[in-house]
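Biologist: Before we discuss packing, could you please show the sequence and the structure?

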Amino acid sequence: TREYFRVALPLGFFYTAAHLSQKIGLQYTTPTVFSFLENLSCLVVPFLMWLFVKKRPAALQFLGSIVCLCSAAALSGLGTGGFSLGAGEILCALAGILYGVNIAGTGAFTKKLDAALYIMVLLGFEGLLSLALSLAFHFAGVEAIAFSFDPPLLFVRLALRVFQQVFGIFFRAADFLFGDVLAVCAANNKADDSTRKSDQNPYDR
């Protein structure tokens, strides 16, 4: 339906832009710095959710985001290797922020959508847009498309892709399912409490 495309196409654009920034930026920086900057998503998601759903995050959420970012910096070993800001670092930071937009948008706008169908539309658009950008870069002379038909490599990449998508859909669907179940249970409990209070003898109050 239109609702799936209305939500999936903009978020798919940000998802594709994040992939593109990530792949280009990683060529001009180290994996250590990249692993730290990619975690900027955990810092921007609370603010983006505040913007999207108009609900201010709790102080602990802000604190958790900062702790997560500091932990990523410590695990990446940035304190020992130093840090310099260049094109690679800027692109990797942009990738982290764009991933955050995708995460926050998914959390804010897909609650009423079927998880599997939404992901199919999102990834389908991401694949088509990535193909179009690859062809544009190829014919513009920016980066030529290189084909590899090494069977073991193709098998490993295909297996990883299938594994990633299957488990991604499974966990996203589980999140939607159990989230709805918990919401229904909470609503039923609230209704039962209201019914019990209304059934009480007024002289017992």
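Modeller: Contact here means heavy atoms within 4.5 Å. Please bear in mind that this is a predicted model.

Biologist: With which residues is Gln22 in contact, leaving aside its neighbours within four places in sequence?

Modeller: Gln22 lies in helix 1. Leaving aside neighbours within four places in sequence, the residues in contact with Gln22 are Phe34, Glu38, Ala95 and Tyr99.

Biologist: Is Gln22 buried or exposed?

Modeller: The side chain of Gln22 is joined to that of Lys23 by a polar contact of 2.7 Å. Buried means under 20% relative accessible area. The value for Gln22 is 10%, so Gln22 is buried.

Biologist: Is helix 1 roughly parallel or roughly antiparallel to helix 6?

Modeller: The axes of helix 1 (residues 2-25) and helix 6 (residues 87-109) come within 8 Å and cross at roughly 160°. Angles over 145 degrees count as roughly antiparallel. Helix 1 and helix 6 are therefore roughly antiparallel.

Biologist: How many nonpolar, polar and charged residues make up the contact of helix 1 with helix 6?

Modeller: The division is 15 nonpolar, eight polar and no charged.

Biologist: What is the handedness of the crossing of helix 1 with helix 7?

Modeller: Helix 1 and helix 7 (residues 115-139) pack at about 45°, with axes 8 Å apart. That angle makes helix 1 oblique to helix 7. The crossing is right-handed.

Note on methods
Residues are numbered from 1 along each chain as its sequence is written. This is a predicted model: local features need pLDDT of at least 70, side-chain atom pairs count only at pLDDT 80 or more; totals for chains, interfaces and linings use all residues. Side-chain values use heavy atoms; hydrogens and water are left out. Axes are lines fitted to C-alpha atoms, for helices over the stretch in contact, and angles run from 0 to 180 degrees between N-to-C directions. Helices (H or I, at least four residues) and strands (E, at least two) are DSSP runs, numbered from the N terminus. Angles under 35 degrees count as roughly parallel, over 145 as roughly antiparallel, 65 to 115 as roughly perpendicular and the rest as oblique. Ala, Val, Leu, Ile, Met, Phe, Trp, Tyr, Cys and Pro count as nonpolar, Asp, Glu, Lys and Arg as charged, and the others, Gly among them, as polar. Buried means under 20% relative accessible area, exposed over 50%, partly exposed in between (1.4 Å probe, protein chains only). A polar contact is a pair of N or O atoms within 3.5 Å; within protein, one must be able to donate a hydrogen and the other to accept it, and residues adjacent in sequence count only if both atoms are side-chain atoms. A crossing is left-handed if the near helix is turned anticlockwise from the far one by less than a right angle, and right-handed if clockwise.
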